[in-house]
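Morning. I will go through two interfaces and keep it brief. Here is the model.

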Amino acid sequence: MRTPKKLLAWTVGSAAVIGVVGILSARLSPAMAAGGARPLAGPFTIADAIFWGVAALTVGGAAAVALSRNIVYSALGLLAALLGVAGLYVFLSADFVAVAQVMIYIGGVLILVLFAIMLTNRIGEVNISNASMGWASGGLLSAVMLALVLVVAFEVPWNVRPSGGNPTTAPIGHALLQQWLLPFELASLILLCTLIGAIIIARKEIRAE
Amino acid sequence: MAQFSFAFPKPGTKKLLVGATLGAALAIPALLAGLLVFLVPMVNKPLLDAFIREKLGHVPATWVGTQWVYAAALFLAGIAMFTFAAITGGIFSWYERRVAARIQSRIGPNRVGVAGFLQWIADAVKLLFKEDLVPGEADAMLFRAAPYFVVAGMTLVLVALPAGQAIVVADLDVGIFYILAVTSFIVVGILLSGWSSNSKWSLFGAIRATAQVVSYEVPAGLAILVPVLMAGTLSTQGLIRAQGGWPWEWFFFRNPAAAVAFFILFISQLAEGNRTPFDLAEAESELVAGYFSEYSGFRFALYFLVEWANLWIIGAVATTLFLGGWQIPGVSAQTWASVRGAGSFPAFGWWALQFVSLGIFAVKTLFLVNVVIWIRWTLPRIRIDQMMNLCWKYLVPAGFAAMLFTLVWQMVATWAPIVEKITALVVFAATVWVTWRFLQQTRKNVSLIAHERVDLSNW
């Protein structure tokens, strides 16, 4: 049952997607032809094998999140994806960010997600509540996102640091407390507001009698 | 004056049995120490490079096999660390049961070997041969996978945990932060085991355990910040290097807030390890056995392996942060460098000194392990509301206060270092006096109850 309005929206959306992908790929093709910032050739080392393992963990985990019928397995897939991302940070020599990723996303967010799931019954039934977004629209969105990510990966002049075990904790600390002190404090203020808000929502209403 | 009657071994024990047990009791710690010192060349890149250059005759930077040598060394190091954790966990299981028995006026396991020392090996074999049951209504895959998350959480901590001057698998620049982070795998494992068992006891146990661990991570993190502020680094080895060998050079004594932070951390670790008085997650009288109620055989053994290996981790983390770690009194960084010598491979004296530093670290850690066991068999379990009150109303504010005090204290200590030295000596003297009074009182109590005679013949 397609109303003309809906049909119009689909046409405009598809045209926009095709346009965006076209423009982005036109920008991308010279960079792709040049081989990107770093040559991909060279002997296959153990480090490469570990990298592909970590990348497979990330992608496989993300796929499990999206495709699993059981929400607990989705949560486990999220664990794999988050862990894989932490591994990718290690490959970028970002040790502090990698550990913070494990600490915040696995130690905090994922455990809260699991905790909430434990308290839910009927885990096996999946009711898709948003039926208007099907495979077609999902595919269109994915195409745009893929083009965007590829452009970012190849076009942005990345600030490449010499690889190896350069500790990053001290530079991050100095940056947060010197150059970016005001944004840092503002972020902490927002967190404080969140905490107070959570307490106000969660507390019991005590009526004066 | 109390008299101690001590008969070891009991008269009539077979000589062969005595020999075997004593041999095992001496050989196993020696083996463990050897394993840990064996780690040193395995994880030390300059040493591995020197090995490739001088023994194998290749240039490390260009040779194709270099990465394979590194990989093999890391593999061996991993096996060594895991073996260490498994064997210490086993011995602690025997030790805890014996101590528990003494405290409750029982005898405890005393059949396998003299004083039951080989009991843990017998238990392990028994558990390996038991049937690996999976409840019919359980989610079989998650049920089988959950113990491995718990084991992974424990094993990953060992990567950054030092045990001697050069004995650490990886001296990460974010070491202590890493230890805090990977502990969360244990929580994931507990939640999964509780849910997948499909049993109300397991689910309640898992939810209690998670609430407890997540809450106590906050005061633990705040307490860890105090030594981090004093040392100016997150690296576990860096934290130890910032302390000294003598007690008054330890962080515990150098700053009054650090002493408070030590107790906050210790209590939080008891709670995170689900040790009494915080064992609400496996409260026998309420929840059968909590999140591992449905497990048997090998997987059941894994949970207990982690519980007892955690004892070493609890002690080692507290020793690293507050009690000077492996620092040998009177041995400075220059001494270490001069003993090592200028050659590619360290001199013999350096290896001997590694063993000494390992011994010092082990003595401090085992002292704390003893305290943990002693607390477990002395204090009753607290209620869940008391547990949450203790965390959020007392430990968290105290942790914040200790952190703020340390910030001021560090400024004072930089301005006038003598203040720090005097405080350290005064706090150390006070600790010695309190310990002395405690021992006196203990002796008095013992002689009152035991009529001047202490019977230790049951060991």
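How many residues does the contact take from chain A, and how many from chain B? The contact takes 18 residues from chain A and 22 residues from chain B; two residues are in contact if their C-beta atoms, placed from the backbone, lie within 7 Å.

Some bookkeeping. This is a predicted model, where local features need pLDDT of at least 70 and side-chain atom pairs count only at pLDDT 80 or more, while totals for chains, interfaces and linings use all residues. Residues are numbered from 1 along each chain as its sequence is written, and chains are lettered from A and ligands numbered from 1 in the order in which they are written.

Back to the side of chain A that touches chain B. Helix H3 (71-91) and helix H4 (95-118) of chain A each supply at least two residues there, with helices being DSSP runs of H or I, at least four residues, numbered from the N terminus. H4(A) gives the most, 12 residues. By class, this side has 14 nonpolar, 3 polar and 1 charged. Nonpolar means Ala, Val, Leu, Ile, Met, Phe, Trp, Tyr, Cys and Pro; charged means Asp, Glu, Lys and Arg; the others, Gly among them, are polar.

Now within chain B. Domain 1 covers 12-128 and domain 2 covers 130-415, with bounds from an automatic or database domain assignment. Their centres, taken over C-alpha atoms, are 20 Å apart. In this contact, 27 residues of domain 1 of chain B meet 29 residues of domain 2 of chain B. On the domain 1 side, H3(B) gives the most, with 13 residues. That side divides into 19 nonpolar, 5 polar and 3 charged residues.
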